[in-house]
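Please open the model in your viewer and keep the selection panel at hand. The tour below moves from one selection to the next and says what is found at each stop.

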Amino acid sequence: MEINTPFFKQRAHDALKDENLQKALGNLKAGFPEKRAIAVERMPEFEELRNQGRDLKNHILEHLDLYLEQFESKVIENGGQVHWARTSEDANRIILDLCKQVDAKTVTKGKSMVTEEIGLNDFLEANGVQPVETDLGEYILQLRGDHPSHIIAPAIHLNLEDVSETFHKHHNRPKSDDPAVLMQEAREVLRDKFVAADVGITGANFCVAETGSTIIVTNEGNGDLTQTLPKTHIVVTSIEKVVPTLEDMTLFLRLLARSATGQEFTVYNTLSTGSRREGDQDGPENFHVVLVDNGRSEMVGSEFQDMLRCIRCSACMNHCPVYGAVGGHSYGWVYPGPMGSVLTPQMIGIEKGGMLPNASTFCGKCESVCPVKIPLPKLMRHWREDEFQKHLQPKAARYGLAGWAFLAKRPTLYKPYTRMASWFMKRLAGKKGRIKKLPLAGGWTDWRDMPAPQGTTFMQAWKEQQKAGEQP
Amino acid sequence: MPNTPSGPRVGLFVTCLADMFRPSVAFATVKLLEQAGCSVEVPERQTCCGQPAFNSGDRKTTADIARQTIDAFDGYEYVVGPSGSCIGMLHYYPEVFDPADSYYQRALDLKSRSFEITSFLFDVIGADVLQDQLKQLQFNHKVTYHDSCSGLRQMGIKQQPRQLLQQVQGIELEEMEEAETCCGFGGTFCVKYPEISNRMVSNKTDYISNTGAHTLLGGDLGCLLNMAGKLKREGKQVEARHVVEILAGMTDIPAIGEADYDLAQQL
Amino acid sequence: MSAENTTAMSRAAILGNIRSGLNRSQDDSQRQQAVSNRLAAKADNLIPARAQLPFAEQVELFKAMIHEALAELIELDSLDQVPQACADWLSSQGIKQLISASDSELSTLDWNPLEQQQILRTERVAQAGDIASLTSSFAGIAETGTVMLHSGPQSPTTLNFLPDNHLVILRRSTIVGVYEEAWKKTREKYGNTMPRTVNMITGPSRSADIEQKLQMGAHGPKNLVILMIND
């Protein structure tokens with residue numbers, strides 16, 4: 001996928017001015033945070049589940065190589081194959097090869113962010129294999145030539161009218177603005193695609209080392225049709241998704257739905273283990289798991305290791321005021337919101353991704369709702385440290401910071417300087433008590449007044465008061 | 001001035017925004033601490049907590065400033081300041097030192113001694129210690145309270161200011177929608193991403209004015225300057241004050257961004 | 001480079017990166033022991049109190065939760081009543097077809113009631129266009145009102161997804177409190193090899209992809225009817 005992350009600021013600007021987008025983003029709050037809050041309320045042990053989720057993920061990461069090997073051997077034991085892909089290019093080539101092996105013309109796809117990450121659809125199409133997205137949101141986007149703006153609600157940036165027009169254009173049916181009718185249309189159109197597909201590609205929410213199973217979690221049932229009907233099922237997932245046992249998977253399932261959609265449980269939680277068994281009347285004859293790395297293994301042992309705990313629930317972006325203001329496309333690549341602001345620089349490089357970890361007030365709401373307690377603000381700060389060391393920040397910001405630091409480290413210079421600044425701003429405000437336009441602070445005064453200081457510093461006033469106290 | 005203090009010796013962490021923009025907030029903090037029986041001193045060698053450097057990724061400057069602050073506040077039983085964000089920064093100091101560095105232990109020690117003012121009064125000194133003074137205060141207005149992010153999520157400040165405010169006569173607290181959502185200040189964020197910041201603070205001022213409150217209260221001047229500046233620009237008739245101004249009975253001083261007041265002339 | 005080579009080289013590189021990231025010492029036996037212990041123990045993590053109840057209350061919880069998940073419940077006294085219940089429900093919907101799993105539990109029932117309503121029952125995998133299916137289930141999970149189904153030669157997975165309406169037989173005695181109990185029962189039955197597909201289903205298919213507003217019946221069944229046998 002094209003990388004537009006360096007243009008975050010311009011994209012955010014456009015997003016804030018886009019009335020349709022702003023209307024669509026208005027659905028976010030009732031759609032996610034409010035439901036999550038209710039679900040958490042109903043589960044008194046939620047906080048302890050989060051602690052256990054964090055600890056278990058840490059255990060897994062400390063033993064990641066061993067759990068991956070165990071998972072691999074169990075998949076093979078059950079008649080499946082495991083393919084390791086260090087890069088997106090490797091993953092795409094492996095998947096294309098698997099499609100060619102069964103002479104695939106079309107592949108159906110369940111919702112998978114990893115396949116977005118590796119740019120699978122474009123690659124398959126360019127090589128003569130037609131991918132068909134089957135998740136309703138992803139399907140809408142594919143028809144529009146668009147990309148997800150959210151990791152679990154891909155079309156959240158669209159309104160009913162957009163979907164209505166898109167379907168009218170592509171389905172050759174009368175235009176409807178009834179969501180139920182639109183969904184029925186998609187159901188009918190995709191039925192034939194499910195049946196015709198030669199290969200089904202899904203992601204995996206977790207890979208269970210104990211059994212060699214992969215699990216997908218969906219509400220629509222599209223993932224199940226995708227993986228059950230075609231001859232070949234390819235699971236495209238990433239290395240950090242492995243969990244030790246079914247019990248361990250269960251811990252994360254309890255966290256996932258509640259954190260994501262605020263549901264008690266997602267409608268379909270489906271475990272796939274190997275290929276079709278003897279005597280089975282359906283199910284895939286070939287079962288492949290593609291384990292994508294794409295920079296993740298380098299995060300192990302680094303200051304970003306905590307990010308590998310992520311279970312892709314989307315709670316961080318659902319609660320993020322920046323995401324809520326500008327939407328997912330502003331982030332310019334696959335993963336938006338706070339988790340994207342940590343992951344994107346790892347995958348596309350800090351030189352291109354540096355805008356994102358800076359686009360945070362460090363309000364900490366993301367960390368407070370994260371089911372595995374990833375310290376997202378801290379990880380974003382680590383990226384800023386990386387940028388600082390590489391001198392990647394804009395010159396004005398670097399010099400400004402250096403000037404301020406020079407004073408802040410010298411209290412005897414700092415005090416007269418702040419006194420002067422206070423006095424100067426006070427004069428600038430005149431009698432109004434606020435400043436409408438402050439030189440060098442346009443970022444502030446373009447949008448809001450600058451309340452005037454009280455005329456001198458506390459340090460000065462205190463000193464004078466103390467002096468007066470001593471000499472009554 | 002109250003009687004000779006018998007309580008703990010407290011070093012006031014002024015915070016750079018109170019120092020430069022609103023010294024009355026620091027004076028109110030001193031007043032509350034003295035009412036609570038503390039002896040208050042203001043160490044000369046303090047400047048800023050170092051948060052701008054910390055959040056810009058400049059660890060060296062952060063560590064330099066942290067050392068300066070640790071030295072300045074050596075020996076005080078408690079360190080108290082009128083900001084969850086700046087005191088929260090003091091709590092981050094251990095992160096900027098290698099555990100082998102001699103300042104690491106001292107940073108941990110400073111962390112254990114430093115408190116935001118409402119949390120100090122309520123959690124350390126005790127909920128009822130100011131009840132006599134607070135009972136005598138009158139503030140016959142509806143107020144709404146913004147929970148600043150660091151105070152709320154890092155320092156656990158939520159009930160403390162509210163419990164203290166409720167002891168003031170005549171005050172009516174009306175909670176706004178999304179009281180716990182960031183106002184968009186974010187230190188350098190508001191100048192790095194002004195348009196996004198503006199959207200966030202605009203949402204905030206809508207929620208504030210929806211309550212019909214006369215006064216917006218909060219515990220952090222950064223957020224308050226941001227919200228007050230936006231309220232003024234939008235022409236909304238809501239005053240903004242730091243919570244200590246109410247608790248210390250210092251509401252005769254004009255609210256943030258209100259008409260003329262010159263501290264220099266008062267001295 | 002061949003695909004096999006790519007994946008072998010990637011495998012070595014990925015595992016190598018992880019190991020060097022973890023600063024793995026020469027003697028790795030402790031880590032290996034920790035992994036085998038965890039895999040062998042299959043220990044429970046925290047289990048919420050919600051479903052840790054006497055059996056009768058677990059059943060009540062199950063019923064409340066499937067109601068919340070918008071599944072339909074029909075309670076029956078015995079398995080023999082299933083054909084009549086199916087006939088009644090299908091007629092009420094004007095459905096003339098029932099695609100059925102072929103496990104002996106189902107095959108041996110007296111299906112006359114369906115014939116009387118001119119409803120055709122067929123034992124096969126599901127196909128696009130099928131209107132209704134009937135399957136058994138392995139367990140009910142009270143915690144969230146979830147039914148667990150295992151795939152097998154007599155219970156093809158497509159029956160659970162392709163038809164518009166899915167009727168599921170659940171024996172009351174197979175209801176458990178929490179997922180963990182269902183895993184233990186699964187291991188008891190299958191040993192070390194899981195069924196090819198395990199479905200945990202909680203209500204009918206749905207999507208909120210259009211403006212975050214919930215619509216029922218996305219790609220899976222629009223109705224989930226649980227025929228609970230009070231055995």
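In this predicted model, begin with chain A and select its open sheet, in which six strands lie in the order 1-10-7-4-2-3 with parallel pairing. Strand 1 (81-85) and strand 3 (130-133) of chain A stand at the edges of this sheet, and because each has a single partner strand, one side of each is left without a neighbour in the sheet. If you look along the sheet, neighbouring strands are turned by 25° against each other on average, direction ignored.

Next, select strand 2 (residues 106-109) and strand 4 (residues 199-202) of chain A, which run parallel and are joined by three bridges. Within this pair, A:T108 is found opposite A:G200 of strand 4.

Now step back to the whole of chain A, which has 26 helices and twelve strands and whose C-alpha atoms fill a box of roughly 100 × 55 × 45 Å along the principal axes. Of the 472 residues in chain A, 61% are buried.

Then show chain C as well, and select the 86 residues of chain A that are in contact with 64 residues of chain C. On the chain A side, helix 12 (residues 179-196) gives the most, with nine residues, while the side as a whole divides into 34 nonpolar, 29 polar and 23 charged residues.

Finish with a pairing between the two chains: strand 9 (residues 268-273) of chain A and strand 9 (residues 197-201) of chain C are antiparallel and share five bridges. Here A:S272 stands opposite C:T197.

How values were computed:
Residues numbered from 1 in each chain as written. Chains lettered and ligands numbered in written order. Predicted model: local features only at pLDDT ≥ 70, side-chain atom pairs only at ≥ 80, totals over all residues. Helix = DSSP H or I, 4+ residues; strand = E, 2+ residues; numbered from the N terminus. Buried ≥ 20, exposed ≤ 12 C-beta atoms within 10 Å, placed from the backbone. Pairing = 2+ DSSP bridges. Axes fitted to C-alpha atoms, helices over the stretch in contact; angles between N-to-C directions. Contact = placed C-beta atoms within 7 Å. Nonpolar A, V, L, I, M, F, W, Y, C, P; charged D, E, K, R; others polar.
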